[in-house]
Amino acid sequence: MLPELVAFDLDGTLWDIGHMGDESTFRSVGTNHVRDEYNNTLSLGRDIPRILNYLKDKRVPMAISSNNNDPAKARRALDLLMIDRKGTRVSASSFFGNKSYIEISSGSKTGQLTKLMRKARIRNARHVMLYDNDKRKNGHVTRDLGVFDVLLRFFTACFLMYRPVRQA
């Protein structure tokens, strides 16, 4: 059975860099990536488009839970990142509940996920999956809320397609 909500971290998980430069402004330059004014590229992770499309097809709500140094810039990058969706290019932000399931702030991951669960009307955190790249940094979320935390390197599109997550 699939989770009731899949929450993605941004930096180093949904996209490939650990954090965005302080002076960056982005422009869309194609599917799965944007560039800043210095021609540096911000790209979606290799399996991210397939994972997002799979979850969307299965009608699994998706969310963003990220501590980011510039939330407005992160939201702008999400709006500009284009993903192929059944032959049409759509904004990455469109996968996340018309932007209502996006929590980008300097607040705690536990607080962000609690807000997202409230918005999604999920009572049991065991039905939520956090998809991130740093168990050491976010391990407290698993302890505090009981959220199923999956590290980036162990969670590929193939795992999702052929071995759906079982609820505890």
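Predicted model: local features only at pLDDT ≥ 70, side-chain atom pairs only at ≥ 80, totals over all residues.

**Notes on the structure**

1. The charged end of Lys-56 is placed over the ring of Phe-95, at 5.6 Å from the ring centre.

2. As to overall make-up, the protein contains five helices and ten strands. It has 168 residues, of which 49% count as buried. The accessible surface amounts to about 8800 Å², and carbon and sulfur atoms account for 48% of it. Of the contacts between residues at least 6 apart in sequence, 65% connect residues at least 24 apart.

3. Arg-85 deserves attention next. This residue belongs to strand β6 and is buried, its relative accessible area being 17%. Which residues does Arg-85 contact, leaving aside its neighbours within four places in sequence? They are Asn-53, Lys-56, Asp-57, Val-90 and Phe-95.

4. The bridge links distant parts of the chain: Arg-85 is in strand β6 (residues 82-85), while Asp-57 is in helix α1 (residues 48-57), 28 residues apart. Asp-57 has a relative accessible area of 44% and is therefore partly exposed, whereas Arg-85, at 17%, is buried.

5. The search for salt bridges over the whole structure gives seven. In general terms, side chains of opposite charge can pair when their charged atoms come close. A further example joins Glu-103 and Lys-119, whose side chains meet at 2.9 Å, N to O. Glu-103 lies in strand β8 and Lys-119 in helix α3 (residues 109-120), so this bridge ties together parts of the chain that are 16 residues apart in sequence. Glu-103 counts as buried, at 11% relative accessibility; Lys-119 is partly exposed, with a relative accessible area of 40%.

6. Salt bridges also form a network, which links Arg-46, Asp-47 and Arg-50. Within it, Arg-46 pairs with Asp-47, and their closest N and O atoms are 3.5 Å apart. Are these two partners buried or exposed? Arg-46 has 72% relative accessibility and so counts as exposed, since the cut-off is over 50%. Asp-47, at 10%, counts as buried, since it falls under 20%.

7. The structure has one aromatic pair. The ring centres of Phe-8 and Phe-96 are 6.2 Å apart and the ring planes stand at 75 degrees, so the arrangement is edge-to-face. This pair, too, links distant parts of the chain: Phe-8 is in strand β1 (residues 5-8) and Phe-96 is in the loop between β7 (88-91) and β8 (102-105), 88 residues apart. Phe-8 and Phe-96 are both buried.

8. Ala-92 is likewise located in the loop between β7 and β8. At 1% relative accessibility, Ala-92 counts as buried. Not counting residues up to four places away in sequence, Ala-92 touches Leu-78, Leu-81 and Ile-83. The C-alpha atoms of Ala-92 and Arg-75 are 9.9 Å apart in space, and the two residues are 17 apart in sequence.

9. Asn-32 is not a glycine, yet has a positive phi of about 75 degrees. Asn-32 is in the loop between β2 (26-30) and β3 (33-36) and counts as partly exposed, at 25% relative accessibility. Arg-59, also not a glycine, has a positive phi of about 60 degrees. Arg-59 is placed in the loop between α1 and β5 (62-67), and is exposed, with a relative accessible area of 76%.

Key
Residues numbered from 1 in each chain as written. Heavy atoms only, no water. Phe/Tyr/Trp six-rings, centres within 6.5 Å; stacked < 30°, edge-to-face > 60°. Helix = DSSP H or I, 4+ residues; strand = E, 2+ residues; numbered from the N terminus. Buried < 20%, exposed > 50% of the residue type's maximum accessible area, 1.4 Å probe, protein only. Lys NZ or Arg CZ within 6 Å of the ring centre and 35° of its normal. Salt bridge = Lys/Arg side-chain N within 4 Å of Asp/Glu carboxyl O. Contact = heavy atoms within 4.5 Å. Areas by Shrake-Rupley, 256 points an atom, 1.4 Å probe, with all protein chains shown as cover.
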